[in-house]
Protein chains: 2
Amino acid sequence: MEKRTEISELGEFGLIDRITRDFVNKNESTKIGVGDDAAVIDGGKDYLLLSTDMLVEGVHFDLSYMPIQHLGYKSISINVSDIAAMNGEPKQVVVNLGLSNRFSVEAVEKLYEGMAAACKDFKVDLVGGDTTSSPSGLILSVSITGSVARDKVALRSKVEIGDIICATGDLGAAYIGLQVLEREKQVFLANPEMQPNLAKYPYVTERQLKPKARTDIIYELAELNVKPKAMIDISDGLASELFHLAKQSGVGFFVYEDKLPIDKQTYDTAVEFNIDPITCVMNGGEDYELLFSISQEDYEKLKNHPDIHFIGYATEKEKGINLVTKNQNVVPIKAQGWDHFR
Amino acid sequence: MEKRTEISELGEFGLIDRITRDFVNKNESTKIGVGDDAAVIDGGKDYLLLSTDMLVEGVHFDLSYMPIQHLGYKSISINVSDIAAMNGEPKQVVVNLGLSNRFSVEAVEKLYEGMAAACKDFKVDLVGGDTTSSPSGLILSVSITGSVARDKVALRSKVEIGDIICATGDLGAAYIGLQVLEREKQVFLANPEMQPNLAKYPYVTERQLKPKARTDIIYELAELNVKPKAMIDISDGLASELFHLAKQSGVGFFVYEDKLPIDKQTYDTAVEFNIDPITCVMNGGEDYELLFSISQEDYEKLKNHPDIHFIGYATEKEKGINLVTKNQNVVPIKAQGWDHFR
């Protein structure tokens with residue numbers, strides 16, 4: 001019998017490590033391949049960035065509560081986020097679309113309206129793609145290019161000991177928004193006469209349904225003359241992203257619970273759902289905020305920015321990745337990011 | 001009631017026209033967006049090319065006769081073909097993979113072995129991607145970059161009246177190979193004791209299972225100092241590609257039946273299947289050969305090339321797209337390329 005290893009045994013990142021280990025880059029223009037938010041390609045004057053993401057119905061989205069325009073918007077926005085996470089500017093996207101016969105031309109038009117809105121917001125051009133049928137549901141695969149000056153690119157591997165760790169916006173909202181949407185769906189399925197009660201949760205549901213990539217932060221950092229040393233977008237949860245930065249930079253972290261940014265509606269809704277709000281922040285995914293490190297000397301330039309939070313600092317690798325709680329306990333952080341295969 | 005238009009009413013190209021008509025390019029670097037084999041991006045010294053293709057299990061491939069390594073090879077090769085069709089050199093790929101729990105790590109490793117072989121053959125670097133679960137079967141979405149000197153790019157819109165139309169290799173084999181594979185599958189399903197009889201059809205089945213992009217032709221044209229004026233790859237069938245060139249260049253064509261390249265095994269197998277061999281050539285897809293136009297003055301440089309066939313010439317748009325049969329009848333060609341939605 002041939003050996004059969006389940007993908008769930010390795011998980012997404014283990015699988016990627018295993019299948020890509022034998023690939024050797026052959027082109028001089030390939031500067032950085034697998035392993036960051038985007039690949040880095042020597043494109044002449046600036047670096048070209050290339051990234052891609054796939055959204056599969058039944059895995060990444062549920063059209064029973066996700067308006068299809070928002071799905072279109074989100075499919076572009078999450079790709080833009082990967083370019084932002086390299087400190088780059090998004091430029092072009094190509095979109096592959098798989099459609100079952102459940103979808104009408106009008107539904108596809110709405111999907112593209114959402115994409116067009118995102119392309120406008122992020123100044124991105126849709127330049128191609130492939131449209132095909134699918135045996136079950138909707139598949140959206142988007143690839144994106146971006147551009148970044150050679151000396152501005154922010155890699156995951158460049159955190160240095162002593163750097164200040166910054167997070168933008170607030171965290172955990174998209175995750176708790178998903179809990180609200182799932183609950184209201186169950187209520188509706190149990191009794192279709194019941195109308196979903198979403199009015200109480202406008203912020204957290206919007207964060208789940210229509211996330212905005214933080215290109216605004218990229219432009220503001222440039223204006224403030226701050227180059228983030230390392231950067232990643234927070235798509236799988238803060239804990240998971242801290243582990244990526246730690247692993248690739250060979251550092252450890254101290255992160256302070258009382259510095260973690262959380263919106264009041266996120267906090268209150270988490271309490272309502274009997275979920276620890278800090279768990280939402282640490283392990284809830286899909287916020288698409290940015291996590292980055294800066295030199296201590298750059299702190300002064302950013303300290304008054306209303307949307308950048310200084311959540312901790314980088315330390316020696318041996319110290320591990322730690323949360324300092326409100327009552328000054330030091331607790332090791334576990335990576336529990338969202339994994340489709342587990 | 002909201003209006004519901006079935007996608008099959010518009011077909012793939014009609015759908016693409018409709019959903020992309022409101023997109024306006026905003027970036028200076030976007031030279032050519034939707035509508036050619038690849039997008040053209042101003043990347044500095046050379047043009048950057050960007051293209052993408054998606055393969056969905058049950059629509060584009062059947063793993064009951066497609067070895068999964070070959071699928072990996074094919075997924076890269078068909079993307080390389082799009083770059084070749086711009087007269088470009090392939091550079092980097094990113095791969096999105098959707099996997100149901102039917103697939104083991106070992107199966108995914110074999111898939112990537114095939115991709116690695118193609119990356120080696122075509123000198124392409126795999127630089128990233130996204131791996132996720134899928135509710136049903138395997139989804140492969142590949143995006144590719146390429147590079148072409150600014151004055152060498154071959155667009156679909158540049159055929160001129162009087163140009164000679166060239167096709168590489170031979171046509172129709174992949175389509176008839178698919179018929180063989182489908183027949184043997186039915187035989188096997190009816191009686192699992194029967195072994196598939198493929199030995200008689202090595203060429204046509206290989207053409208279906210493991211197509212090779214014609215980057216060799218691109219390098220040879222450069223060596224022979226011939227710039228193809230317009231170019232497209234033959235993925236949906238010769239007739240369909242002639243229509244694309246005609247529409248985008250505003251020309252018509254005369255194509256000669258006795259000049260169409262067809263392999264003997266393709267011919268014989270078509271006869272065995274009671275299919276007109278010319279139908280295989282005109283309307284069979286997935287050959288991934290190149291169709292291009294050259295100036296008459298370049299004919300001398302190519303006339304001894306064993307793998308380039310001069311199948312016709314471009315004429316006024318009003319004359320339409322025509323096949324000149326062996327007995328000198330002129331028959332209008334109908335586009336009947338493969339459309340997933342019909």
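**Helices and copies**

Mentor: Gladly! This is a predicted model. Let us begin with a crossing: α2(B) passes α3(B) in a right-handed crossing.

Trainee: At what angle do helix α2 and helix α3 of chain B pack, and how far apart are their axes?

Mentor: Helix α2 (residues 68-84) and helix α3 (residues 105-121) of chain B pack at an angle of about 40°, and their axes are 7 Å apart. α2(B) is therefore oblique to α3(B).

Trainee: Which residues in α2(B) and α3(B) meet?

Mentor: On the α2(B) side they include B:Ile68, B:Leu71, B:Tyr73 and B:Ile76. Among those in α3(B) are B:Ala107, B:Leu111, B:Met115 and B:Ala118. By class, this contact has eleven nonpolar, six polar and two charged residues.

Trainee: Now the chains. How do I think about two copies?

Mentor: Two copies of a chain are related by a rotation about an axis and a shift along it. Here, a rotation of 180° with 0.0 Å of shift along its axis superposes chain A on chain B, with an RMSD of 0.0 Å. The copies are thus related as by a two-fold rotation axis.

Trainee: Which residue of chain A comes closest to the rotation axis?

Mentor: That is A:Gly44, whose C-alpha is at 2.5 Å. The same surface serves both copies, as 100% of the contact residues of chain A recur in chain B.

Trainee: How many residues are in contact between chain A and chain B?

Mentor: 72 residues of chain A are in contact with 72 residues of chain B. On the side of chain A that touches chain B, β5(A) gives the largest share, nine residues. The residues of that side divide into 28 nonpolar, 28 polar and 16 charged.

Note on methods. Residues numbered from 1 in each chain as written. Chains lettered and ligands numbered in written order. Predicted model: local features only at pLDDT ≥ 70, side-chain atom pairs only at ≥ 80, totals over all residues. Axes fitted to C-alpha atoms, helices over the stretch in contact; angles between N-to-C directions. Helix = DSSP H or I, 4+ residues; strand = E, 2+ residues; numbered from the N terminus. Parallel < 35°, antiparallel > 145°, perpendicular 65-115°, else oblique. Left-handed = near helix turned anticlockwise from the far one by under 90°. Contact = placed C-beta atoms within 7 Å. Nonpolar A, V, L, I, M, F, W, Y, C, P; charged D, E, K, R; others polar. Least-squares fit on C-alpha atoms with pLDDT ≥ 70 in both.
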